[in-house]
Amino acid sequence: MSADSCGGNVALRNLVNSIQCIRDRVRDGESNESDGAFNLSNFWDTLNQAVKAVSQEATKLSLAFSKAPLPSQQDGEKLAESIMKSILTLSTVYYWLPKSQGLTLRRQVRDATVEVLEGVVQLVEVIMSSPAESLSQEQLMSTGGVWSACDHFSQLSKDNKAAVVRVLTSQTGVVKDAKEEIEQALSEAQDPFDDILDDDQEGDEPRGNQDTYWSEKDRRVIGACQGLMKASLACLRKLSSAVRANGDFSTPQNVSQLDDLADISKEISPGVDDLALCLYPPMDYSGVETHVCKLAALLKKVLEIIRSCHVCGESELTWVQFLDGAVDHNLQKTKDIIEQDS
């Protein structure tokens, strides 16, 4: 007999429905803006206590339904009420965090909160479907999933500056991977007909199946595109350092600027990925040029935002101007190579 057929059935089903409603509101809802002073340190203390309570209640619920005797209907209702109370407290504390503390920070806390709520929903659903009077492997894993989601809060950035640095670091890693993937492909790729001398070819017919390898012109195009990828990576790395050194979240304007930097930086990795994907054979030069122009325009926009932001001092202005020139250079270089012999 599973928990679904015992006294806790109705209570657990209602619990799942209630948590799902709260999760949806947290995912899409707005924070409670307050005219009074907001204490970020107190917020984190209270939030961590709320998360700990959810973890403890989830553990209590899981243990109660893992051995005989199973909870009576009354006990099942009490357990459901207890965990629901901790869930409501957690969601309420999340709503305390105002947008004025930074959208990047708030998104991070929101996502972590949603992860906990989804973990509890999964646990309760597993309890309802698992054989009673035994702790199934799935139930054990679901309980561990809630613990893991709760533990994640201790690793979250504690202010908007740190949250923005986290975003930039993540984006840097993605762009670095895309750049290295192309480098790896280039080092491994070989023209299957490279042992045939050009003199042996009759007429001007291209040799072999060029869908499977890069021509010499392709490789020159890739070289110019790699320059743009390197500029993208350098931009993210330099921006991360600038935010660490100069980032400030003491005024609404500076908080907003940090959020703008995080948002625009998240567009760079998809732009680099799109460019990298269209470089594989058979290469479509018009497609390459389109993606090169898009990435170059995006990088120019990013550099302009950095230039007008509080994180950009005199030393930062030097690399902003250098990268601005590098973007122009690699854009033009790519266009020139593509237009050759076309």
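User: In this predicted model, what is the volume of the second largest pocket, and which residues lie closest to its centre?

Analyst: The second largest pocket of the predicted model has a volume of about 240 Å³. Its lining comprises 13 residues, and Thr104, Arg107, Gln108, Asp111 and Val167 are the closest to the centre. The elements giving two or more residues to this lining are α4 (103–129) and α6. By class, the lining divides into four nonpolar, five polar and four charged residues.

User: Why is Trp214 called buried?

Analyst: Buried means under 20% relative accessible area. Trp214 has 6% relative accessibility, so it counts as buried.

User: What makes Trp214 and Tyr280 a tilted aromatic pair?

Analyst: Ring centres must lie within 6.5 Å, and planes under 30 degrees apart would be stacked, over 60 edge-to-face. The centres of Trp214 and Tyr280 are 6.0 Å apart with 35° between the planes, and the pair is tilted. This pair links distant parts of the chain, 66 residues apart: Trp214 is in the loop between α6 and α7, Tyr280 in the loop between α9 and α10.

User: What makes Tyr94 and Tyr95 a tilted pair?

Analyst: Their rings are 5.4 Å apart centre to centre, within the 6.5 Å limit. The 55° between the planes lies between 30 and 60 degrees, so the pair is tilted. Both Tyr94 and Tyr95 are buried.

Notes: Residues numbered from 1 in each chain as written. Predicted model: local features only at pLDDT ≥ 70, side-chain atom pairs only at ≥ 80, totals over all residues. Heavy atoms only, no water. 1 Å grid on protein atoms, 1.4 Å probe; cavity = no way out; pocket = protein on both sides within 12 Å on 5 of 7 lines; lining within 4 Å. Points joined across faces, edges and corners; volume = space filled by probe spheres on them. Helix = DSSP H or I, 4+ residues; strand = E, 2+ residues; numbered from the N terminus. Nonpolar A, V, L, I, M, F, W, Y, C, P; charged D, E, K, R; others polar. Buried < 20%, exposed > 50% of the residue type's maximum accessible area, 1.4 Å probe, protein only.
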